[in-house]
Amino acid sequence: MQINFLRNKIIDYPSGSALEYRNNVLYVIGDDVNYILCLDKNWNEVNHLKLFEYEGVRIPKPEKPDLECATIIGDMLYVVGSGSVSPQRDVAFLVNLAEEKIKKISTAAFYSIFRDRNLIAEMNIEGFTDCKDKLLFFNRGNTQQPNQLIITDQKILKKQFPDKFKVMLVKIGKLNNINLGISGACYDEKNDILLLTASAEDTNNAYDDGEIIGSTIGIVYNAYKKLNEQEFVIDELIELDAVNPVFKKQKIESICITNHSENKYTCTLVADNDDGKSVLFEVEITIEKGIIK
């Protein structure tokens, strides 16, 4: 895997935490913002989708829904809270992009499965993507807890998270002796490739922020097949600081594919710089042709 930096832009939108792309529109979701920002190819605002009522720009940390990840299936954009604080963050939004209709649901029953049975040491869902007929929820690790993957069937979307799942340990490693925590995920069904973002943050829990050591992009080949294994292993990992100095100390929160042909992917990344703005980055990822099967 080779990564080339293409461009970046600071946008006047706080707490960028999740990205999705459809029909030439980039959807940017902030973890404490009451609307989704919609951008065109040049990253200019073309629309915004209001999720809920709140007076003010940013919701205070103890009360925020912590909308950390999203995926698009058909016309539906699914935006998911981290679950790191209950009940405030046990929430998801179902956005019908064709009709711009929005429905809010509780994920408390689903998250409680993992809390009550001690299957997840500390809930903090930060990566979410579809993978053929499956849904993948990546629970972010920290200096004390490992990254874990929750696998469910897409059919649960019609039943509001019934009890049907598998939990796997994710092997991703460290950066400068700090455990990497998964922050975003996207999937290419054609090549069965999963792209992940992960950053090293010096914190031992899912609530408190820590010093950002750096961020990485990881790739998993034959991702769907690997869902049947005992552990989910990241095949390749590239530190973004080594790609371009513009990534130094950036906490990359999410990744989405905006274009791909054969073995090349154009991807957008987002970072939250904690000062009321977010940073978008565009990169080109090249995969060795012999690896794609």
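This is a predicted model: local features need pLDDT of at least 70, side-chain atom pairs count only at pLDDT 80 or more; totals for chains, interfaces and linings use all residues.

Student: How far is the sulfur of Cys38 from the closest cysteine sulfur?

Tutor: The distance is 13 Å, and the partner in question is Cys256.

Student: How many disulfides does the count come to, then?

Tutor: The count comes to zero disulfides.

Student: Let us change topic to helix α1. Which of its residues are buried?

Tutor: Helix α1 covers residues 108-116, and Phe110, Tyr111, Ile113 and Phe114 are buried in it. These residues are on the same side of α1, because they cover an arc of only 140° around the axis.

Student: What is exposed on the other side of α1?

Tutor: Ala109 and Asp116 are exposed there.

Student: What do the buried residues of α1 pack against?

Tutor: They pack against five strands: β7 (76-81), β10, β11 (134-139), β12 (148-153) and β13 (166-171).

Student: Which residue with a positive phi follows α1?

Tutor: That is Asn118, with a phi near 55°.

Student: What lines the largest cavity?

Tutor: Its lining includes Leu19, Glu20, Cys69, Phe128, Ser183 and Ile255. The elements giving two or more residues to that lining are β2 (16-22), β6 (67-73), β10 (125-131), β15 (178-188) and β20 (252-261). By class, the lining divides into six nonpolar, four polar and two charged residues.

Student: And the second largest pocket, what volume does that have?

Tutor: The second largest pocket has a volume of about 430 Å³. It is lined by 17 residues, of which Glu20, Tyr21, Ile72, Tyr187 and Ile257 are the closest to its centre. Two or more lining residues come from each of β2, β6, β10, β15 and β20.

Student: Which strand gives the most to that lining?

Tutor: β20 gives the most to the lining of the second largest pocket, with five residues.

Student: How does the lining of the second largest pocket divide by class?

Tutor: There are seven nonpolar, five polar and five charged residues in it.

Student: Finally, some loops. Where does Glu262 sit?

Tutor: Glu262 is in the loop between β20 and β21 (264-272). Its relative accessible area is 58%, so Glu262 counts as exposed. Although Glu262 and Lys190 are 72 residues apart in sequence, their C-alpha atoms are 9.7 Å apart in space.

Student: And where does Gly210 lie?

Tutor: Gly210 is in the loop between β16 (193-202) and β17 (211-221). With a relative accessible area of 22%, Gly210 is partly exposed. Why not buried? Because buried requires a value under 20%. Gly210 is 10 residues from Ala200 in sequence and 9.2 Å from Ala200 in space, C-alpha to C-alpha.

Notes
Residues are numbered from 1 along each chain as its sequence is written. Side-chain values use heavy atoms; hydrogens and water are left out. Helices (H or I, at least four residues) and strands (E, at least two) are DSSP runs, numbered from the N terminus. Buried means under 20% relative accessible area, exposed over 50%, partly exposed in between (1.4 Å probe, protein chains only). On a 1 Å grid over the protein atoms alone, a cavity is a set of points where a 1.4 Å probe fits but cannot get out, and a pocket is an open set with protein on both sides within 12 Å along at least five of seven lines; lining residues have an atom within 4 Å of a point. Ala, Val, Leu, Ile, Met, Phe, Trp, Tyr, Cys and Pro count as nonpolar, Asp, Glu, Lys and Arg as charged, and the others, Gly among them, as polar. A disulfide is a pair of cysteine sulfur atoms within 2.5 Å. Grid points are joined across faces, edges and corners, and a volume is the space filled by probe spheres set on the points. The arc is that of the directions from the helix axis to the C-beta atoms. Contact means heavy atoms within 4.5 Å.
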